[in-house]
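Dear colleague,

Please find below the structure that I am handing over to you.

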Amino acid sequence: MADVKEFKVVGTRPIRHDGTDKVTGRALYGGDVRMAGMLYGKVLRSPHAHARIKSINIRKALSLPGVRAVVTGKDLPDAADRIAELGEGAVNLKYLGNNCLADDKVLYKGHAVAAVAAVNAHVAEEALSLINVKYEVLPPVLDVREAMKDDAPLLLPELRTTSLGQKGDKPSNVASHFQFKKGDPEKGFREADLIVEREFFTATVHQGYIETHNATAMWNPDGLLTIWCSTQGAFTVRQQASELLNIPVSKIKVVPMEIGGGFGGKIRVYIEPVAALLSRKTGRPVKIVMTRAEVLEGTGPTPGSYIRVKIGANREGRITAAEAYLAYEAGAYPGSPVGAGAMCIFAPYDLENAQVDGYDVVVNKPQTSAYRAPGATNAALAETLIDEIAERLKMDPIDLRLKNAAKEGVRRVDGPVFPRIGCVEVLEATRNHPHYTAPLGGPNRGRGVALGFWFNVGLKSSASASVNADGTVSLVEGSTDIGGSRTTAAMHVAEELGIAAEDVRPVVGDTDSVGYTDVTGGSRVTFATGWACYEAAQDIKRQLCERAARLWEISSDDVTYENGGCVSRSDPSRRITFKELAGKLGDTGGPVVGRASVDPQGVGGAFAANIVDVEVDPDTGKTQVLRFTVVQDAGKAIHPSYVEGQMQGGSVQGIGWALNEEYFYDSKGVMRNASLLDYRMPTCLDLPMIDTVIVEVPNPGHPYGVRGVGEVPIVPPAAAISNAIYHAVGIRMNCLPMSPGKVLEEILKKG
Amino acid sequence: MSKKVHVQTRINGEEVEFLCEPRQSLLEVLRDELGLTGSKEGCNNGNCGACNVLLNGRLVNACLVLGVEVQGREVTTIEGIASPEGLHPLQQKFLEHAALQCGVCTPGFIVAARALLDKTPRPTEGQVRHWLAGNLCRCTGYDKIVRAVLDAATVKKGKR
Amino acid sequence: MQDFDYVSAKTLKEAVSLLNRHGDQACVLSGGTDILVQLREGRRKARLVVDIKGIPQLNQLSCTKAKGLTLGAAVPCCQIYEDKTIAKAYPGLIDAVSLIGGIQIQGRATVGGNLCNASPAADTIPALIALGAVCTIAGPKGTRKVRVEDFCVAPGRTALKKGELLVSIHLPPPKPRSGAYFLRFIPRNEMDIAVVNAGASVLLDARKQTFVSARIALGAVAPTPLFIPEAGEALVGKSVSDGAVSEAAEIAKAAARPISDMRGAAEQRRHLCGVLARRALQGAIQRAKGGN
């Protein structure tokens, strides 16, 4: 690992390589795919939240002029009850397939039941209304605690609870119960001078990417399937398609188009296998693009949850014990991120005694998917209890956190021991920020702080870099670019070779063009794909040294690469720049291609803290965010503008989650606000500037010290805003969202 | 199926004609019939601004205009913002300020901001936020977008 | 999207004739910002879309001191608030048309369309009621007038009969020492449908210390936008004071019949009625006194 070094490219802000195409509308996203003979697909979805499918009659739909094929769940090969690693968690393939097209039951309103391919999208839509599905409607269960009761309607007849590692024999909606425990919480609570406890209720929210899901599939008569789609992981789409369609991965090519946002929601497949089935039946390319309502009702939002937290502290401000109960709604099939929530909830603190119990529970809502630090935002509401302890002990809320802050060597309640982390540094930078002591300037205004953690992941990435004769490099890497990461990848190569970022041309490859690369998610791309590019550059340097040696007719042991070129160790006057040597490659053995595949283990977790000022209108309950600061440990910011961008974007998603976003269900399990009119994401008029402070506590596990930055910013904002509302109008909100109606209700109750 | 209608219009300064069904929106016509895929569909009901175009110089959601309604009108799309001389200052500033991450909302924002600067050459931050309230971005938190628009407004008019 | 034919009517006569012939198989297209969404979602059915934006009478926009404001049903919101004369004379109307749905929506949406869409939460209607607007309707049997507070009869339904078309809306010239104000409560700062909205206008005496008359309307708290005459009548002859305003606001609030839906709970709406009626009256009073 490099010691503190002078970077030439890392830390600068080059214009992103794909920027011009994106500001001119030339960049091609999945929805922009057009090809000769292309048909358009549409999906028929269940109107019921819970029902048995008695029959599906497609005859009338098939005979509508312009319709070319109809598929149902019966067209999917029988999926084995197998688990596959998708890169952001394990997935049961039978459930994955059933979610793409239902088998004998529909488990949420919007559950896909059939699909049509037609000459245009309007005809396809008309055909849907001609498909006759007979349902036996069943009572739905729509709340996690209701679903946990013994008499709750059961979604999956084969589901048994795996409790503390043991699989039970009673049918249940509780898929699993696990527990993390450290020390003796009962003893710790007895030692506490002060105990605070609260329940929290959070509603389902969606990632809210502006681009809807899309896929175009062409299943060639030669058996080769090509899928063009917007995805966070071309290789994971290939793997899922292979498993669900029962064909080898070698027969599938996935071409990742530009992607309009993902945040975890574009990892699991929904329409890719369906488009493939329609293509096989018609012999033509079939494109399916979801509508916004389909995205909200038929993809993977993040869980609603019921959480109970109890924290005890002594009067000096040391936390003596902490306990949490997390019950997360997994949606139609098991697999909520309750485990991740449990890992993060107390992670910022050095606790001797703690216990977290987590429950993964199915309910009649869409199956949940990852949403940026999945599970952690819900759990971070525990930060409101830290605030309450600070108030009651008359301690500064940041000092209280510093007193208990996790450091290197501290063991988390879920087991891992922290390596070098930046928790303390983030807290200190927060306390030292001018925002922390700025005057609030008016009535009904309050300031709140909160701290969040996300562990980040590493996983596998590949890259290959070709040296061009003109001294530039063509880089192919496998991470779909959602936030400017291809430029960051290029910057690694440029830094190592001593050339300008503009002289490296990065391209995101398809599954035939680049080595296996895990998903763009988990805050891993700069860390792992950047590392793969770094290693590919090392490979180039090694080869270039050999070429220089050949040129100079000396031993390659005598040549080293430094300052942007090769130099002879024994005779430093012998040197050649990268550009000059690049021009001579043809004479010295041919092209030079550097390549690497990595699976780095030294992941560094990240902390983020917020300071937020709000003003609450006591007559309406409406909260206005006046000022927002996010402080985050990035380890090493490769491209600071895009690090800031992650911090700002994640913060604003957290603000939306805190204030107005929620799935509003009626008693039948129908989402009443399935449009962007009533699923209310923040607009720019709702927000101030989002001030950012990048703290850099280098991750010892990475050559440049990188820590993932994408996810942790969404963790603290909801808790910080809840704390701010308390300081503004004296009310501790314990639900998300803290929408005006709910705040008003509490204000009126308080009287 | 209703008979297709023949429409004659001007798009990005060029005479254009197309056939479309009355039920096709301007957004569908641009993307599916004319290959102008720069305008995006995010919601199809006027709530996200990703489909923004100028219609006779007026900022509108193309998803809420029928293709047949642009007969005899002038349409400006994202594809018509840059000139042969180069990028519009808005486009340049979006790049410099890193005001895009996934980029899918960017065409809508640039068209909307162009309409703002045409009307109010030196807007305040408040005016920018008010004008762009109909454009949703989920990636950036808007901070860098607002800065880019304010910065673009300072670029001399001759350079547009 | 359902299949339909499209025709752009050139004259009032043509439009009326088409609407009369096709009845509920036809629908009128003005700005399209509501109707296209409804057609797309199947909430409204039509075989023929009649575009009325080309009809001269529906594009009138004239404002004179003597005659007041004649607002054609097809005039988009943006044209209204960009007109300096109108903006100066009718700030209460500008309040409403400048906050509907964002700049893009305002580029197309029309007051006429907002009225004909007849949503209980329509943003222009409480303002129009407060300003005493009157609607001019053309139909097979000729022209008639309807007071704006009588125009909506149920959610999504208007007083228009078969073959009839809203031509224009007329606002009387503002009297000296009068002021009108409109506001709404939404969870965000733009783009939302009103949870509750309120429009008020007041006329003060020569010393600007006593109410001569007042009109108050509330939206999103009844099947149609609600004109509450008794709230305004309660102010007649009273001194301008917070107490009088609160009393009138309470009367308005008592007339509301809010329901609970995904945009708001009934109790929340009821509370907001009082808050917004008060704020609307205060805004109107301030304008009547000469402030803004």
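In chain B, the centres of domain 1 and domain 2, taken over C-alpha atoms, are separated by 21 Å. The model is predicted: local features need pLDDT of at least 70, side-chain atom pairs count only at pLDDT 80 or more, and totals for chains, interfaces and linings use all residues. Residues are numbered from 1 along each chain as its sequence is written, while chains are lettered from A and ligands numbered from 1 in the order in which they are written.

Domain 1 of chain B covers 5-80 and domain 2 covers 89-159, with bounds from an automatic or database domain assignment. Contact (C-beta atoms, placed from the backbone, within 7 Å) links 13 residues of domain 1 of chain B with 11 residues of domain 2 of chain B. On the domain 1 side, strand β3 (residues 52-55) of chain B gives the most, with three residues; helices (H or I, at least four residues) and strands (E, at least two) are DSSP runs, numbered from the N terminus.

Chain A holds an open sheet of four strands with mixed pairing, in the order β20-β28-β29-β30; two strands pair if DSSP finds at least two bridges between them. Its edge strands, β20 (445-454) and β30 (690-695) of chain A, each pair on one side only. Strands β28 (residues 606-616) and β29 (residues 623-633) of chain A run antiparallel and are joined by nine bridges. Within β29(A), A:Val630 is the bridge partner of A:Asn610.

Definitions and conventions: Contact = placed C-beta atoms within 7 Å.
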